[in-house]
Each structure stands twice: as structure tokens, then as C-alpha cells.
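User: I have a structure to go through with you. Can we take it chain by chain?

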Amino acid sequence: MAQEYKLILKHVDAPGYGRDLDSYLHHGGYQTLGKALHMPARDLPDGKKMTAQEQIREEVKISGLRGRGGAGFSCGLKWSFVDRKSGKPIYLICNADESEPGTFKDRQIMYKDPHQLIEGMAIACFANDVHLAYIYIRGEMVDGARILNEALREARARNFIGRNILGSGYDLEIHVHRGAGAYICGEETGLIESLEGKRPYPRIKPPYFPAVLGLWMCPTIVNNVETLCNVKHIVAMGGNEFAKLGTPNNTGTRIVSLSGHVRKPGYYEIEVGKATMRELIFDPQFGGGLRDGRNLKAVIPGGSSAKVFKAGEKFKLKKKDAEGREILVETDMLDLPYDFDSLAAAGSMSGSSAIIVMDDSTDIVEALANVSEFYAHESCGQCTPCREGSLWMSKTLHRLTHGEGRAGDADYLLKIADNIPGGRTICAFGEACSWPVQSFVAKFKDEFVAKGKADEERRAGQGNELAKAPTEAAAHH
Amino acid sequence: MINQNNLNVMSFNASKELEAEVDELISHYPVKRAASLMVLHAIQEKFGWISQDAILWAARKLELPPINLFEILTFYPMLRQQPMGRYQIKVCRTLSCALGGAYGLHRHLCDRLGLDAHAHGPQTTKDGRFTVEFVECLASCGTAPVMMCNDHFHEGVTLEKADAITSACK
């Protein structure tokens, strides 16, 4: 049976645990940083030496850690792309611009255990020869920025950051940088532009891969809050031990944000892939099921950008049988293990690990209209397909939810959504705004068509000339 | 619009504290321009909004053409180009909060404060006490519906709770 596994959230919410430095130190805080900074070079069989930094980067690779922000990209690989020979400074930015609808996990870490993030950052910075780093926190988290600034002040006073940290000769400064209410700043190149003091227009790749041409055109690492906390635990326990948590290629733990129509919404840390969607939604130790008399209608499994699952939807997943042969197993949506690969195989994603549950009281057209309004508001406006497409989808859904719909709106929505993603836009926002429309409309098409049809019929009954099909007389007019 | 002829006419009075705070912020970055957003935050914290004179002052501090600040002022939803109410209420409208009753909460607040729940954008009461607006996901979806009143964050906001919060705003 699935259980919570608290690695990152080990102390968060524990009675008596505070977010101050003394509390953190009392629970073994900053010992891992000390270990990292004073790690001796390791002798290799060929006579060469592996520096402490190289060893840490190697451990992160071995751990199999994948980014916790949304894309699930290998952290070790991301670090390996960093241009270390450019002669330019290398920067690290903690992406704390948590704003994917449904997600509220980084908030828990920053508000309740800020020193864990700072320690993870300091280790990641040391491992990558970074001497100046930023925490880009979303503007609305006013208290979060204050808490982090206070924690940084405490850490500076005790020499966990600053000059010659713990006598190691290593210098690091970390500053908090606040956003100002724009979702696009979560996209790493948009974030970099924002940090540079510009409009957060994402940069085109190639050539602007942050690992080579990032902040001020210098090599830059952008990692999520939870990812950086994981780095601390990887160094503490070793990459191999970390990789034993979770499932193959989906290692470690993840903090799942559960919201919507469940009895116990909240954040639950699990070993990746060791709980199914059904357990997360229905098990009493997690979501605790739906409200009385309600049935499940739909689940968005990884933040609002992820393609929706319809209750009862089935997928054919590859599995190994007892003799190790690969077989296809029909799997209900609810029985998908909550990990990166299974959800991708089912055509969606675990994204930022945010599950939004909708029961049968939900008007699915209204739900999509809500999500599309979000994307129309948040498109940065740089690329025409995204700027115009997100707005037209939102306007179409607005008329469908305000009595002005048409039976053809469902197909119309799909046509727009199909023409935004796939290399037509600079960043993945084009995909993010299209996926909900493509999946909601395809999987609940009858509801979209019925709504438009009912509107047409009602208007026709009211004698609205504009709503009627064109007649010959009108055509000659 | 900003009149280039008026660049030297400064009617913006930055206090010594603001000047010191801005200098400190600028020192956090190897390139001055990077401090732009933080400087605008600092100005808005003191004055509640960012005037054109404030933009000119910040531009001089950051050694930038004013347009560089004006273009970010007009992009970010949190930055204000005109004065707002003394208490600014931001109600999250995105999916999880909508499922949790955010639209009813927003309507209730507007009705109670004499504002139009269907109007677009932030709305301010005639007495200048409240501004109410819908904002996008505030990243606390598990405690829906949520809202902010100035810097304070409120979770699981029932209509009664909303009334108590607004009543406490003098």
C-alpha cells in the first residue's frame, strides 16, 4: 500500500519545528554543506584526481534526479551542459516562480523550511563553481521573500553563505529577486530576461540555451526549489541510495499538490511512482475521496497545462511479464503509477506534480473556459500564434459559457489549438495553452457540442436572425 | 506619455530611506538594469503606485532611458500605473479556486463594497478604501478559495471570513 515518504518535508509541519536557523541546525542543518565543501579529492585509477565539485555532479547524475519544475529533465544532464570553459562567471538561479495552476509545493518549502533551500542551493552552487546566485520568487509571495531574506541574513551571519564559507575558501552570495505577477517568468529564459530587468519574453533556442548563453549571456543553471532541495539529500545519502527511492528512471520523492473536489486537498510527498492516481485521490491518508454522492468526472494530472484524463479512460501501457517479456497491459487512468514516464505514456504529464480533481458537479466547458482565460491572460504576446490563439480560444469559450455558443465551436477550438504548438512559438507556452483545449474538447466533445447547439436553438427560437442558417434570400442580399 | 523635455524636471521626492534601499538593491547585481523590477517594487511599496515622475527618478538612478522602466511597468500585472485603494483585495480566479467557490467570493465582495462583479480589471470604491480584482493562480490551490488583502494572504476564505477581513480594514 502506498504511503507518504517524507524526505524534503521531513521536518515541515512537525510539532516544534520552526523556520529559524537554530531549529534547522538542531535538526542537522548545514552539515551536508560542510561535508560537500570539505570533501577530499578522489584518486582515479588513471592517476587523475576527481575534485569535490566533480564528485557532487557525478552523484547527482547517478541519483537520476529529474527536474521538479515541470519538464522532468535530468538535473545531472542539465548541469553537464554548462559551459565551464568560457571564462565567464557561471550563475545559478533558483526558480521559485511557482505559478502553474494547481501547484503549491514550493511554497511549503520556502515558507516553512527556507534553510533547506539555501543549503541545497549552496551545495549546487559549489558543485558548479557559482559565486553569485538568485532566488527568483513570484511577486505575490511577499511573505516568502521576507522569510527568505531573513533566512539569508541568518545564514550570512553564521558563514553558511558569504566569503570563505566555513573556512573552505569558497565564496557565494545569494540574493532574492521578486517577480511581479507574470506566469511566463516561470519559463527559464523568460525568467532570465525578467531578472535582467526586461520584459520576460522567452529567448529562442538555439542559440540561447541558458547553460551557455544565460543570465547576461553567461552560463546559467536554472533549477526548481524542490530540485535544489533534492541536491542536498543526494549529497547527504549518496546518489545510489537516492536512486533506490522511487522507481527506475523516476527516482526520489515528489511533493504532490492535490486540489479540487477531494475531501483532503493538500501536499503529499511520495516516492515517485509508488502511489497510483487512485491512491492519491481516494486513499484516506491522501485525498480521502470525493464528497458524498459524487462521482469522478475528470483529473488534470500535472498542473493546468497537462492534458486532462477522463474518468474511466484506459491506456495500453508497456510492462514486463514474469519472464521479462514486454507486454501491453490495459490500465485505467486511476491505476497509473504517479511518475514521469507512466503519465507521459498515457499522453499527459506529471508536470509540476499538481493533481486537480473534478467531480460530476463540474461543468467541463466552464472548467476549460477558466483554464483558457488563464493562458490568454498570461501569454507574453511575443509570438503571434500563441498571443492570438490563446485569446481566440478564450473568447470562443467565453461565448460558449455565456449563451452565445455555436455547435461548431468544438471543432473551431480544436482547429485553433492544433495550429499553435509544434515549433510555431519560441517557448513551450504554445503547447501549454493548447494541450488543455485539445484534450478537454476531444474527450468531452459531446458536452461542448451540446452546449453550442442548445444556444443556437434557443437563439433561433427567440427569432434572432443572426443565429439562423443562411437562406438563399440572405445570400443574395 | 513621458515627455523627453521634462526629463530634468523632477517632482518626485524620494526619501533618504528609499534612496538607500535602492542603492542597496542595485548593489545586488553586476548590471544596474537588473535591479529595475526590484526598484519599482520598492517605489510601489512606499507610494502605492508608480508615477511617471517616479519612473524618471528610477531611470536616473539606474542610468537607463525611461522607456526601459516604462515597458516593464506596463507588462507586469502587480505594478500599478495609478493609485489604488488603501486595501487591495486580490481574489484568485483560477481553476482550483473556481472549483472552491472563488467566483461567489468575488461577487460577494463586490456586492458588499458596491462594485460591479462583471467589470474588467481592478475596481476601486469611491471612498478609495478598497480595490478588488481577480488575479490568476496564487499557488495555494489546496486551501481554495484564497485571496490577498494587501500583503496578507488568506486561505479557505468563506463569505463570513471575507466579511471579517473587510470589516477589519479601517
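Analyst: Here is a walk through both chains, then some single residues. Keep in mind that this is a predicted model.

User: Start with chain A. How many helices and strands are there?
Analyst: Chain A has 18 helices and 15 strands. Its radius of gyration is 25 Å, close to the 23 Å that the globule rule gives for 477 residues, so chain A is as compact as a globular protein of that length.

User: What box do the C-alpha atoms of chain A fill?
Analyst: Roughly 90 × 50 × 45 Å, taken along the principal axes.

User: And how much of chain A counts as buried?
Analyst: 58% of the 477 residues of chain A. The accessible surface of the chain is about 19000 Å². Carbon and sulfur atoms account for 53% of that surface.

User: What about contacts between residues at least 24 apart in chain A?
Analyst: They make up 69% of the contacts in chain A between residues at least 6 apart in sequence.

User: Charges in chain A: how many positive and negative, and how far apart are their mean positions?
Analyst: There are 60 positive and 62 negative charges in chain A. Their mean positions lie 2 Å apart.

User: Now chain B. What pattern does it follow along the sequence?
Analyst: Chain B reads α-α-α-α-β-α-α-β-β-β-β-α. That is seven helices and five strands. The C-alpha atoms of chain B fill a box of roughly 50 × 35 × 25 Å along the principal axes.

User: Let's zoom in. Which residues of helix α1 of chain B are buried?
Analyst: Leu18(B), Val22(B), Leu25(B) and Ile26(B). The helix spans residues 16–26. Seen down the axis of α1(B), these buried residues fall within an arc of 95°, so they line one face of the helix.

User: What is on the other side of α1(B)?
Analyst: Lys16(B) and Glu17(B), which are exposed there.

User: And what covers the buried residues of α1(B)?
Analyst: The cover includes two helices of chain B, α2 (36–47) and α3 (52–62).

User: Back to chain A. Is helix α5 mostly covered or mostly open?
Analyst: Mostly covered. Seven of the eight residues of α5(A), which runs over 105–112, are buried.

User: What does Ser372(A) touch?
Analyst: Ser390(A), Ser394(A), Leu397(A) and Val437(A). That leaves out residues up to four places away in sequence.

User: On to backbone geometry. Where are the cis peptide bonds around Pro206(A)?
Analyst: One runs from Lys205(A) to Pro206(A), with omega near -10°. Another joins Pro206(A) and Pro207(A), with omega about 10°. Pro206(A) is in the loop between α8 (188–195) and β6 (220–224) of chain A. Pro207(A) lies in the loop between α8 and β6 as well.

User: Why flag those at all?
Analyst: Because most peptide bonds are trans, and most residues other than glycine have a negative phi.

User: Which phi does Asp13(A) have?
Analyst: A positive one of about 75°, although Asp13(A) is not a glycine. Asp13(A) sits in the segment before α1 (21–26) of chain A. At 48% relative accessibility, Asp13(A) counts as partly exposed.

User: And Ser353(A), what is its phi?
Analyst: Ser353(A) has a positive phi of about 55° and is not a glycine either. Ser353(A) is found in the loop between α12 (340–345) and β15 (354–359) of chain A. With a relative accessible area of 0%, Ser353(A) is buried.

How values were computed:
Residues numbered from 1 in each chain as written. Chains lettered and ligands numbered in written order. Predicted model: local features only at pLDDT ≥ 70, side-chain atom pairs only at ≥ 80, totals over all residues. Heavy atoms only, no water. Helix = DSSP H or I, 4+ residues; strand = E, 2+ residues; numbered from the N terminus. Rg over C-alpha atoms; globule rule 2.2 N^0.38 Å. Buried < 20%, exposed > 50% of the residue type's maximum accessible area, 1.4 Å probe, protein only. Contact = heavy atoms within 4.5 Å. Areas by Shrake-Rupley, 256 points an atom, 1.4 Å probe, with all protein chains shown as cover. Lys, Arg positive; Asp, Glu negative; His and termini not counted. Charge placed at Lys NZ, Arg CZ, Asp CG, Glu CD. Arc of directions from axis to C-beta.
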